Amino acid sequence: AGIGGMLLLTSIVKLSCGYGLLKRKSWGRIYALVLAVLGLIAFPFGTLIGIYAIWVLAKTETAELFVN
């Protein structure tokens, strides 16, 4: 029950982040940056995906897309 609860919690967190990105909400971009930084500890794939996500989401062109 403990592992299932943790998986459910992490999936809800990531789905809400995806919703924010899909709707281009400014909080979704910040939320995704936080999750990308947290994902850096999952070596090697989490590190690669986290670096790419930070690189894309930190660009000024991307930030302009998320202005409400």
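Helices (H or I, at least four residues) and strands (E, at least two) are DSSP runs, numbered from the N terminus. This is a predicted model, in which local features need pLDDT of at least 70 and side-chain atom pairs count only at pLDDT 80 or more, while totals for chains, interfaces and linings use all residues. Residues are numbered from 1 along each chain as its sequence is written, and side-chain values use heavy atoms, with hydrogens and water left out.

**Exercise 1. Fold and confidence**

Solution. Next, take the overall extent, for which the C-alpha trace spans about 40 × 25 × 15 Å along its principal axes. Then turn to pLDDT, which is the predictor's confidence in each residue, from 0 to 100. The chain averages 95, and 100% of the residues score at least 70.

**Exercise 2. Helix lengths**

Task: Compare the reach of α1, α2 and α3 with the span expected at 1.5 Å a residue.

Solution. The expected span of a helix is 1.5 Å times one less than its number of residues. For α1, with 21 residues, the distance from the first C-alpha to the last is 30 Å, close to the expected 30 Å. The 14 residues of α2 should span 20 Å, and this agrees with its end C-alpha atoms, which are 20 Å apart. Finally, α3 has 13 residues and reaches 18 Å, close to the 18 Å expected.

**Exercise 3. Buried and exposed sides**

Task: Determine which residues of α2 are buried, which residues of α3 are buried, and why each set lies on the same side of its helix.

Solution. In α2 the buried residues are Gly 28, Arg 29, Ala 32, Leu 33 and Ala 36. They cover an arc (that of the directions from the helix axis to the C-beta atoms) of only 140 degrees around the axis, which puts them on the same side of α2. In α3, the buried residues are Gly 46, Thr 47, Gly 50 and Leu 57. Their arc is only 115 degrees, and they therefore lie on the same side of α3. On the other side of α3, Phe 45, Leu 48, Ile 49, Tyr 52 and Trp 55 are exposed. As background, an α-helix has 3.6 residues a turn, so residues three or four places apart point the same way.

**Exercise 4. The largest pocket**

Task: Characterise the space in the largest pocket and the residues that line it.

Solution. On a 1 Å grid over the protein atoms alone, a pocket is an open set of points where a 1.4 Å probe fits, with protein on both sides within 12 Å along at least five of seven lines, and lining residues have an atom within 4 Å of a point. About 300 Å³ of space lies in the largest pocket, the volume being the space filled by probe spheres set on the points. The lining has 14 residues, of which Lys 14, Leu 35, Ala 36, Leu 38 and Gly 39 lie nearest the centre of the pocket. The elements that give two or more residues to this lining are α1 (2-22), α2 (26-39) and α3 (45-57), and α2 gives the most, with five residues. By type, the lining divides into nine nonpolar, four polar and one charged, where Ala, Val, Leu, Ile, Met, Phe, Trp, Tyr, Cys and Pro count as nonpolar, Asp, Glu, Lys and Arg as charged, and the others, Gly among them, as polar.

Key. Buried means under 20% relative accessible area, exposed over 50%, partly exposed in between (1.4 Å probe, protein chains only).
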